[in-house]
Amino acid sequence: MKHWIGAASLSIFLSACGGSSDSTPDIDETPIDKEPVSAVFVNSFAVTSSNSCDAAGTQINLGFDINGNANLDDDEITSTEYICNGSDGLTVLLETENLNIGSACANGGIAIYTGMDTDKDGLLASNERSQTRYVCNGTDGTDGTDGTDGTDGSDGFNSLINVTIEPAGSQCPAGGQKLDMGLDTNNNLSLSADEITLTTYICHGSDGSDGSDGSDGSDGSDSLIDITTEPVGANCTAGGMRIDTGLDSNLSGVLDSGEITATEFICNSIDGSDGFNSLIKITTEVAGANCVAGGKRIDSGLDTNRSGVLDNNEISVTEYVCNGEDFDSGNNDFDAPTATITFPINNSLTTESSYTIRGTSTDVSRIDSVSVNGVDASSDDDYATWTASIPLSHLDNTITVAVEDEWGNENTNAASINLKNVGPIISYVNDMKVEESGDEIFLVDSSNDSVYVVSKTDGSVKIIADDNLGEDFIEFTVPQALVIDRARDRLLISDTLENHIVAVSLTTGAKTIFSNDVIPNTDYPVSDNSIIEMAIDADNNRLFALQYDGSGNDDRILSIDLSTGARTLFSGQGVPDNDNIFARPYAMTIDHDNNKLWVMDLYSGLYSVSMTDGTRADDLYTYDFTSAGSITYDPTNNRILSSKGRKSVTTIDVVSSAFATLSDDSTPDGELILKEISSIRWDDDKHVAYTWDDDREIITQINGTDGSRSPLTHGYTGDTDIVFSSVTKMIESADGSTIYVTDDNHEEIFKVDVATGTKSLLTSSTYPDASNPIIEVHFAVLDENNNRLLVMGDEFKLTAVDITTGVRTLIDANVGSDIGEDVYAAGLEFDAVNNRLFILDDDESHVYQYELDTNTISIFMQHDDNGFEYPFNSTLDTVNDALIIADENRILIKPLDGSAFTVLSDNAGIPNADNPTDNEIHAMTFDSENNRILVVDADQQLFSIDRTSGVRSLLGDLDYFNKGDLNKGVAIREMIKTSSGQILLFDYDSKSILSLDIDSLDHVIVAR
């Protein structure tokens, strides 16, 4: 260890005795041997001007601590040195260091370094040392002879215990006994106050508290101790005390022989050699196996190490004196608490790897803890409400809540739901590539501008790159084609709008420009034609890029160097010749076995292109594939697979030209039929074809032998044959168990089971029959009394749909014929009390009322009536008998009795200008429980409008409320509040029905 002596005590100025500031005295390293003592000491103090130091300084004394008093006395000083102040202002420092045995000193010692602090940092560096001295320890002397044995110690003192009654008070609420203990140092056989070394209490059990509606609980039995003198004998060789303990079961106040439960002896020491004192240690024993109601633990033994403390290894006997048990602890709560998960709902879907579970819990007593799947919940109101963020596994997760109250009543399954993690939502795939040797499928999504990887094993989806990953200045606009360049750990992706090829790291997701109009040169600019398909030829370090120019004059295939990005024309106009020129190429696949590229041309059929010289041949000229969305090559069977018509998978043998259907809506069966295939890729390792279906938005696995189909990805609920497209209305059933969904594009009405998310078809133009088809199902309302939906379509028809059978009945073939107008429904509401419909017409901008009893129509609100402009959305307020209408950015209240409407809220200052909405209200519902109107505008902002005052509050921006889930935000087109309190939204972008937690804006997918 080094000891620094700083400027405050030993930093001095060099004087004449120390030389000038630029002199460097010789270092004296001669060891100084001193008397054989155990330690070397140094002390120092300031001196004034004297013969020793002209300008004052510091005197340093060295010596050995002979008398062992840890001080260097005057007669112990063996050497004195002076460090004098100099005249040039530099500070002199002293440093000491302990020396190990065998260094400069044979028996160890101290090294003393001195020198000037030339760099003025307050530390004596090694190059600043000007003098070194060693003070060494002497060698050990020989051992002295042993002294004579000491005389025997005096007799040990007797241990005494004094027991007195302790009245009820702070020490013992129900009274008890006080034990004073100590040694009889004056040998008068009485424990005096100054001899007491330990006091403890043994308390009576508390009286039992009153039982509910019953008699008082009986008193607990008192604990008693009886201490008597024990004569010399077998129990105590020198006599002592006997301690009997037990419960006073007969309440006599005396410990009878039949009540003794334990006996212990405290024995006197035996005269003669030094005896060991007997010690007793009394500690509180908590309620448990040794004492049901708690009590005292008495440890006793001999103080063999004479420390005055009874150590654990000295305990020879342990006894327990237990409190009497009360008949009632005061706890009348023996029921476990309950809990409810308020969000998310059961059997819903999320794409998140973790989720915040929200809920409530109740109990007659204080709740002590809540946990969800083992994760402790957080709460600021004693768990009346709570949240817990838990990790999720891919696909199915069971969420279980455990809750415990202050009495230990525990409910380990207080609430439970199922939550399915399906990974990110993929929307519109332009290209897909399969890595045959691995477990990965890569997809590029032009709707979400994202690149995904999908596991072949479990269908799990992860985002590799999007506009939020990698460099901000490289954004995807229309990502079109991709290839896997595994040798360089990257994907190459073409962007047809940005006119470049981007390299995306498979490790980090980082993006770099691989090739564009100027990188690495200007030859064959990428912007000349859109790169719609790419294939990699790793053996020759090149990338083939199929370009389509739109005019049919310059369609071509480029060869791009994988190392540099340099582009050359490989096959096209005049290269290598003008034979079999491309007319409208749109798909390409690589055939390494036959050294060919296969190109599908809309007008010319299927071409082969030599990978040697780029020559084109029509050796598989056929129109059977001309409606193909994509092609892929199967090397095992030497065939090409095509997504013919986007609804089937067909094959053509490249040798025999034999054509066959592998999989369609009846081959091998009608399960999981193909609807809109945009991409197909062969996996030779697994002998399956993977297809992306734009309509279902899933990857389907197709067996390469029998054509059987199975889903790989899981972003859906219930039947995969039922897919939402353009939902215009959601209607809740009377019992809240079902949501009826109208789909404008599919011209169908579905039923969604709220509990499970299962979808089923209620009616379509052909189901359950072809009678009275509904063209473009715009809007519908529930007529509960007549067990039907009332539906308005695109042909001014009003149709009734039985909600049990789906049978359609025409009510009015031309709703507007009575008034000579064509009524285009932009909204529909049902007034059940008056059996009439309110129809918002986005053509005439009127609101009509249609009397169902008479099938007559009349104008309820006139366009330009007191500023009534453009009815865009509506909802019914049955509490206040009013129709709520969104008129551009205004919210109007129109009483059902026909009286004049009022403006509840607008952006012009009613009731104020705060939180203005966009001009178009896309979704609206009335939340009667909270007296508010919930509105989603065209900017996807969610507002709450007070039904009484019209005050607007912005609740949040739904377009970015969870980009990790729906990637690029949402397009909310419909919203309802259900009887159970759920807020349900339809998102047009993800084709999903969402359940929204209105406070946190967390959401899950109910049906998709």
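**The second largest pocket and its setting**

Guide: Of the contacts in the protein chain between residues at least 6 apart in sequence, 49% join residues at least 24 apart. The model is a predicted one.

The part to look at is the second largest pocket, which holds about 770 Å³ of space. Its lining is made of 26 residues, and those nearest the centre are Val434, Glu436, Ile536, Ile590 and His592. Strand E35 provides the largest share, with four residues. Sorted by class, the lining has 13 nonpolar residues, nine charged ones and four polar ones.

One joins Val575 and Pro576, with omega about -10°; Pro576 sits in the loop between strand E38 (567-571) and E39. The other runs from Thr667 to Pro668, with omega near -5°, and Pro668 belongs to the loop between strand E46 (659-663) and E47.

From the pocket, turn to charged pairs. The structure as a whole has 30 salt bridges. One of them is between Glu406 and Arg366, whose closest N and O atoms are 4.0 Å apart. This pair ties together distant parts of the chain, 40 residues apart: Glu406 is in the loop between strand E25 (395-405) and strand E26 (410-421), and Arg366 is in the loop between strand E21 (354-362) and strand E22 (367-372). Glu406 counts as partly exposed because its relative accessible area is 38%. Arg366 is also partly exposed, at 43% relative accessibility.

Two further salt bridges have buried partners. Asp887 pairs with Arg890, the closest N and O atoms being 2.6 Å apart, and both Asp887 and Arg890 are buried. Arg932 pairs with Asp927, with 2.8 Å between the closest N and O atoms; Arg932 and Asp927 are likewise buried. Elsewhere, salt bridges with shared partners join Asp431, Lys433, Glu533 and Arg681 into one network.

Asp927 and Arg932 lead on to the loop between strand E67 (921-927) and strand E68 (932-937), where Asn931 is placed. Asn931 is not a glycine, yet it has a positive phi of about 50°. Its relative accessible area is 28%, so Asn931 is classed as partly exposed. A positive phi, about 65°, also occurs at Gln940, again not a glycine. Gln940 lies in the loop between E68 and strand E69 (941-946). With a relative accessibility of 5%, under the 20% cut-off, Gln940 is therefore buried.

Next come the nonpolar cores. The largest has 38 residues, and Trp386, Ile399, Phe724, Met730, Val741 and Ile993 have the most contacts inside it. Strand E26 gives the largest share of this core, four residues. Leaving out residues up to four places away in sequence, Val741 touches Phe724, Val727, Lys729, Met730, Glu748, Ile749, Phe750, Val752 and Ile993. Another core lies apart from this one; it has 24 residues, including Leu546, Tyr586, Ala587 and Ile652.

Two serines complete the tour. Ser726 is in the loop between strand E50 (709-711) and strand E51 (727-732). Its relative accessibility is 14%, which means that Ser726 counts as buried. Beyond its neighbours within four places in sequence, Ser726 is in contact with Thr742, Asp743, Asp744, Asn745 and Tyr988. Ser858 belongs to strand E62 (residues 856-861) and is partly exposed, with a relative accessible area of 28%. Its contacts, neighbours within four places set aside, are Val847, Tyr848 and Gln849. The C-alpha atoms of Ser858 and Phe838 are separated by 9.8 Å, with the two residues 20 apart along the chain.

Key
Residues numbered from 1 in each chain as written. Predicted model: local features only at pLDDT ≥ 70, side-chain atom pairs only at ≥ 80, totals over all residues. Heavy atoms only, no water. 1 Å grid on protein atoms, 1.4 Å probe; cavity = no way out; pocket = protein on both sides within 12 Å on 5 of 7 lines; lining within 4 Å. Points joined across faces, edges and corners; volume = space filled by probe spheres on them. Nonpolar A, V, L, I, M, F, W, Y, C, P; charged D, E, K, R; others polar. Salt bridge = Lys/Arg side-chain N within 4 Å of Asp/Glu carboxyl O. Buried < 20%, exposed > 50% of the residue type's maximum accessible area, 1.4 Å probe, protein only. Core = buried A, V, L, I, M, F, W, Y, C linked by side-chain atoms within 4.5 Å. Contact = heavy atoms within 4.5 Å.
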